[in-house]
Amino acid sequence: MRTLVVAIGLLLGLAIASPASAADWTMENMGTKLGTGLNGVVTCPADVIMGAMEGSSLTKIQGLTNLAGLVVGTGDAAARAVGGATDAFLFLLPEVGMISPKARYAVIPGTKM
């Protein structure tokens with residue numbers, strides 16, 4: 001627990017001490033980054049479903065396009081979940097830009113589409 005408090009303190013200290021990024025240090029930018037990150041985590045299961053429904057162009061074999069879409073959708077969901085969790089965790093650091101992919105659906109207010 002003490003290590004977590006020290007790590008958060010260091011992250012906050014680095015974020016506040018950075019004069020080069022003072023222009024980016026606005027509540028709106030932090031809210032957008034947090035909202036987009038949380039939205040990515042919440043909506044990542046939709047990528048698996050949509051991938052299976054839309055199919056994939058990885059294969060042209062009849063009946064395997066939906067299976068390939070399921071595989072691609074699972075990878076997309078993992079990327080969206082990791083990117084969203086990273087953005088939600090690091091939203092206080094303006095030096096770290098948003099890494100979440102473009103949102104497919106917006107269910108959290110403040111999501112950047």
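Predicted model: local features only at pLDDT ≥ 70, side-chain atom pairs only at ≥ 80, totals over all residues.

Visitor: How do I read the fold as a whole?

Guide: Of the 113 residues in the protein chain, 29% are buried. Among contacts with a separation of 6 or more, 65% join residues 24 or more positions apart. The chain exposes about 7,200 Å², and carbon and sulfur atoms supply 71% of that area.

Visitor: Which residues of α3 are buried?

Guide: First the general idea: an α-helix has 3.6 residues a turn, so residues three or four places apart point the same way. In α3 the buried residues are Ala-68, Gly-69, Gly-73, Ala-77, Arg-80, Gly-83, Gly-84, Asp-87 and Ala-88. Their cover includes α2.

Visitor: Can you show me that from the side of α2?

Guide: Take Val-48, which is found in helix α2. Leaving aside neighbours within four places in sequence, Val-48 is in contact with Leu-70, Gly-73, Thr-74 and Ala-77. Gly-73 and Ala-77 are among the buried residues of α3. Val-48 itself counts as partly exposed, because its relative accessibility is 25%. Its C-alpha atom is 9.3 Å from that of Ala-78, a residue 30 places away in sequence.

Visitor: Arg-80 is on your buried list. What does its side chain meet?

Guide: The side chain of Arg-80 meets that of Asp-47 in a salt bridge, at 2.6 Å from N to O. Arg-80 lies in helix α3 and Asp-47 in helix α2, so this pair ties together parts that are 33 residues apart in sequence. Both residues are buried.

Visitor: How many salt bridges are there in the whole structure?

Guide: A search finds three. Another one joins Arg-104 and Asp-47, with the closest N and O atoms 3.0 Å apart. Arg-104 lies in the segment after α3 and Asp-47 in helix α2, so that pair ties together parts 57 residues apart in sequence. There is also a salt bridge between Arg-104 and Glu-54, at 3.5 Å from N to O. Since Glu-54 is in helix α2 too, this pair ties together parts 50 residues apart in sequence.

Visitor: How should I picture these bridges together?

Guide: As a network that links Asp-47, Glu-54, Arg-80 and Arg-104. Asp-47 is buried, with a relative accessible area of 2%. Arg-104 is partly exposed at 31%, and Glu-54 counts as exposed at 54%.

Visitor: Is Lys-33 buried or exposed?

Guide: Lys-33, which lies in helix α2, is buried yet has no salt bridge. The cut-off matters here: a salt bridge needs the nitrogen and oxygen within 4 Å. For Lys-33, the nearest side chain of opposite charge is Asp-87, 4.9 Å away. Beyond its neighbours within four places in sequence, Lys-33 is in contact with Asp-87, Leu-90, Phe-91, Leu-93, Val-96, Gly-97 and Met-98.

Visitor: Which residues form the nonpolar patch on the surface?

Guide: The patch is made of Ile-61, Leu-64, Leu-67 and Leu-70, with about 340 Å² of accessible area together. Ile-61 sits in the loop between α2 and α3. Ile-61 counts as exposed because its relative accessible area is 51%, and the cut-off for exposed is over 50%.

Visitor: Where is Thr-65 found, and what does it touch?

Guide: Thr-65 is found in helix α3, and it is partly exposed, with a relative accessible area of 25%. Not counting residues up to four places away in sequence, Thr-65 touches Gly-55, Ser-56 and Thr-59. The C-alpha atoms of Thr-65 and Glu-54 are separated by 8.5 Å, and these residues are 11 apart along the chain.

Key
Residues numbered from 1 in each chain as written. Heavy atoms only, no water. Patch = residues over 30% accessible without salt bridge, like charges linked within 9 Å, V, L, I, M, F, W, Y side chains within 5 Å. Areas by Shrake-Rupley, 256 points an atom, 1.4 Å probe, with all protein chains shown as cover. Helix = DSSP H or I, 4+ residues; strand = E, 2+ residues; numbered from the N terminus. Buried < 20%, exposed > 50% of the residue type's maximum accessible area, 1.4 Å probe, protein only. Contact = heavy atoms within 4.5 Å. Lys, Arg positive; Asp, Glu negative; His and termini not counted.
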